[in-house]
Amino acid sequence: MKTQLDIVFLGLSLSSSWGNGHATTFRGLLRGLNELGHRVTFLERDVPWYAHHRDLRDPDFCTLRYYDTVDELRRSYDRELQRADIVVVGSFVPEGISVIDSLSSLCTGRFCFYDIDTPVTLAKLAQNDCDYLVRRQVPYFDCYFSFAGGPTLERLKSEFGARRAEPLYCSVDPKRHHRVETAIRWDLGYLGTYSADRQQALETLLIEPARRLPKRRFVVAGSQYPSDIVWPDNVERIDHLPPAEHAAFYSSQRYTLNLTRASMIAAGWSPSVRLFEAAACATPIISDRWPGLDSFFPRSAIETAGRVEDVLAIMEGKSDRARLDTARQAQAIVLAEHTGAARAREFISALRQPNQARPVLDRDVESAA
């Protein structure tokens, strides 16, 4: 494989972080690949809900292009996709099944899948209810990159037929996620789009503590929360927080809360991008508990909670010195191991390994006949 690579990504969104965590993940990885000297193109389906909320229109680390249909994707980018050294399709790409079928025989370089939602994807595949990937397509990929590590990687191979499965966790850009000198506005905050399977944890670990500590200040930032949620008076709501404001947001909190979707707790080894962002900003973290968390942060670098009482004990019982010592340890870990540049090196290293032969696709057999 040559030194400078042409890499094409097809993902849910790079241009808009509204209502999704994919954009932040792609931005960190692609910026890291650019810093390593690779040429990167991102192809995004042009949909109105992201078009109306774009917070990155002209990235300086890649070429960003749009398409309207799968047919237009082939017409407009056929040559670029065919010549690319690496083509990566991401999870939740609109009409992803058709995109994968269309590109799998076109690509002459490495053809990969980047699953930013692995536990969700595997649950959908098991129920034949996934609209961006089907089970028969998993072996098409030279490498299946997964947001979840640990036992999930073996499951991808043994149960779903992946030829290679590698972890490719989220990352942060230290130039954008760092401590900002600002006053503390909130004692505990949370940043995340509404998710039904996280809401009970938010109730337990932030909303109820806010009720019990009426003199403390809390904040929840994120879109799509139902209008019938009753927020205590001391919980501030921010509907959407652009990535450019994340560092100041985290730096304004005494503690920040990390919550994980139920499927990712079950899978384990699935850190969220918000977890790494907060750590990079040296903000002390209170996280829910899940298998594999200690493989990213030792107990001395993070607080964990499962009950209201856990949160109250942390907020009321920790000295500022202990709180900041914990945050500095987490920050050092993230800056050493979880930046976009580190993730880009892992991505390229995985793809420089010898490749297994691709299986003959069902439609190739039909075409030959």
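This is a predicted model: local features need pLDDT of at least 70, side-chain atom pairs count only at pLDDT 80 or more; totals for chains, interfaces and linings use all residues.
Residues are numbered from 1 along each chain as its sequence is written, and side-chain values use heavy atoms, with hydrogens and water left out.

I will start with the aromatic rings. Rings of Phe, Tyr and Trp (its six-membered ring) are taken as a pair if their centres lie within 6.5 Å, and the planes count as stacked under 30 degrees apart, as edge-to-face over 60 and as tilted for the rest. The structure holds 19 aromatic pairs. One of them joins phenylalanine 26 and phenylalanine 42, edge-to-face, with 5.1 Å from centre to centre and 70° between the planes. This pair links distant parts of the chain, 16 residues apart, since phenylalanine 26 sits in helix 1 (residues 22-35) and phenylalanine 42 in strand 2 (residues 39-45); helices (H or I, at least four residues) and strands (E, at least two) are DSSP runs, numbered from the N terminus. Phenylalanine 26 is buried at a relative accessible area of 1%, and phenylalanine 42 is buried at 0%, where buried means under 20% relative accessible area, exposed over 50% and partly exposed in between, with a 1.4 Å probe and protein chains only.

For tyrosine 169 and phenylalanine 296, the ring centres are 4.9 Å apart and the planes stand at 85°, so this pair is edge-to-face. Tyrosine 169 counts as buried at 12% relative accessibility, and phenylalanine 296 is buried too, at 6%. Returning to phenylalanine 26 and phenylalanine 42, both belong to one aromatic cluster that also takes in Phe9, Tyr114, Phe145, Phe147 and Phe347.

Now to the pockets. On a 1 Å grid over the protein atoms alone, a pocket is an open set of points with protein on both sides within 12 Å along at least five of seven lines, whereas a cavity is a set where a 1.4 Å probe fits but cannot get out, and lining residues have an atom within 4 Å of a point. The largest pocket holds about 820 Å³ of space, a volume being the space filled by probe spheres set on the points, which are joined across faces, edges and corners. Its lining has 40 residues, and Asn20, Gly21, Asp117, Arg198 and Arg261 lie nearest the centre. Helix 10 gives the largest share of that lining, four residues.

The second largest pocket has a volume of about 300 Å³. It is lined by 17 residues, with Arg27, Arg31, Arg176, Pro243 and Ala244 the closest to its centre.

Turning to the sheet, six strands form an open, parallel arrangement in the order 10-9-8-11-12-13, two strands being paired if DSSP finds at least two bridges between them. Its edge strands, strand 10 (235-238) and strand 13, each pair on one side only. Strand 11 and strand 12 are joined in the parallel sense over three bridges.

Finally, how many disulfides are there? With a disulfide taken as a pair of cysteine sulfur atoms within 2.5 Å, the count comes to zero. Cysteine 143 is in no disulfide, and the nearest cysteine sulfur, that of cysteine 112, is 5.6 Å away. Cysteine 143 counts as buried at 0% relative accessibility. For cysteine 170, the closest cysteine sulfur, in cysteine 281, is 14 Å away, too far for a bond.
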